[in-house]
Amino acid sequence: LGKEQSIYGKAYELISFDSDNYLGVEMPYLTKLSVFNTFIVKDNTNKHKTFLGVYYSTDTDAQGNIVKYIVTIYTRTRIYTAIGRDLQSLTLQTEEEHLLGEVPIFQLSNNTEEKGDFEDVVGLIKAYNVLQENRCKDKQQFVDKLLVITNSSLGDTEDEVRQSLEY
């Protein structure tokens with residue numbers, strides 16, 4: 001999660017419960033969710049509590065065409081799953097209760113602006129890359145010219161050398 005926070009400015013985590021373990025009891029487990037497929041909605045109170053969380057994904061065929069969309073909405077007490085061939089034709093498939101009492105998707109922000117660590121210095125990095133690229137081009141051009149001079153005959157006499165350098 002720290003890496004996604006550092007790159008994208010935020011990360012999402014889903015807490016859920018599963019009894020498929022060696023104890024046979026409900027145990028919580030955490031799942032990292034993609035920042036590209038997850039968002040949360042906060043209420044308009046001064047506390048800005050999370051009202052709901054949404055995670056969406058797609059199923060694709062062998063050619064990469066989207067076959068269906070799967071949208072899961074998490075509220076403080078329920079989990080809704082809708083599926084459809086496109087986003088306009090989503091149909092509610094399942095509705096289940098969860099006992100967490102809070103929206104089980106947590107957003108972890110890198111900072112108050114939700115900026116990645118490198119966003120402030122991207123311009124400097126790009127400028128440095130341009131300088132290094134130009135420096136390499138200059139060296140390459142110099143090496144190319146040097147190779148031409150060292151691998152060619154400028155002439156046997158001073159007059160022949162002058163004539164060669166004029167061109």
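Here is a quick tour of the strands, a surface patch and a few single residues in this structure. Keep in mind that the model is predicted. Much of the story is about strands: 5 of them make an open, antiparallel sheet in the order 3-4-5-6-7, while strand 1 pairs with strand 8 and also with strand 2.

**The five-strand sheet**

- Strands 3-4-5-6-7 sit side by side in that order, and their pairing is antiparallel.
- At the edges you'll find strand 3 (38-42) and strand 7 (91-97), each of which pairs on one side only.
- Going from one strand to the next, the twist averages 20°.
- Strand 6 (residues 78-84) and strand 7 run antiparallel and are joined by 6 bridges.

**Strand 1 and its partners**

- Strand 1 (residues 10-18) pairs with strand 8 (residues 105-109) in the antiparallel sense, over 5 bridges.
- Here Tyr12 faces its opposite number in strand 8, Gln107.
- Strand 1 also pairs with strand 2 (residues 27-33), again in the antiparallel sense, this time over 7 bridges.
- In that pairing, Ser16 has Tyr29 of strand 2 as its bridge partner.
- As background, strands of a sheet pair through backbone hydrogen bonds, and they can do so parallel or antiparallel.

**A nonpolar patch on the surface**

- Phe118, Val121, Val122, Leu124 and Ile125 form a nonpolar patch on the surface, and together they have about 430 Å² of accessible area.
- One of them, Val121, belongs to the loop between strand 8 and helix 2 (122-150).
- Val121 has a relative accessible area of 30%, so it counts as partly exposed.

**Thr58 in strand 4**

- Thr58 is part of strand 4.
- Its relative accessibility is 35%, so Thr58 counts as partly exposed.
- Leaving aside residues up to four places away in sequence, Thr58 touches Ile66, Lys68 and Tyr69.
- Thr58 and Asp86 are 28 residues apart along the chain, and their C-alpha atoms are separated by 9.7 Å.

**His48 in a loop**

- His48 lies in the loop between strand 3 and strand 4 (50-60).
- Its phi is near 50°, a positive value in a residue other than glycine.
- With a relative accessible area of 47%, His48 is partly exposed, because that label covers values between 20% and 50%.

Technical notes: Residues numbered from 1 in each chain as written. Predicted model: local features only at pLDDT ≥ 70, side-chain atom pairs only at ≥ 80, totals over all residues. Heavy atoms only, no water. Pairing = 2+ DSSP bridges. Helix = DSSP H or I, 4+ residues; strand = E, 2+ residues; numbered from the N terminus. Axes fitted to C-alpha atoms, helices over the stretch in contact; angles between N-to-C directions. Patch = residues over 30% accessible without salt bridge, like charges linked within 9 Å, V, L, I, M, F, W, Y side chains within 5 Å. Areas by Shrake-Rupley, 256 points an atom, 1.4 Å probe, with all protein chains shown as cover. Salt bridge = Lys/Arg side-chain N within 4 Å of Asp/Glu carboxyl O. Buried < 20%, exposed > 50% of the residue type's maximum accessible area, 1.4 Å probe, protein only. Contact = heavy atoms within 4.5 Å.
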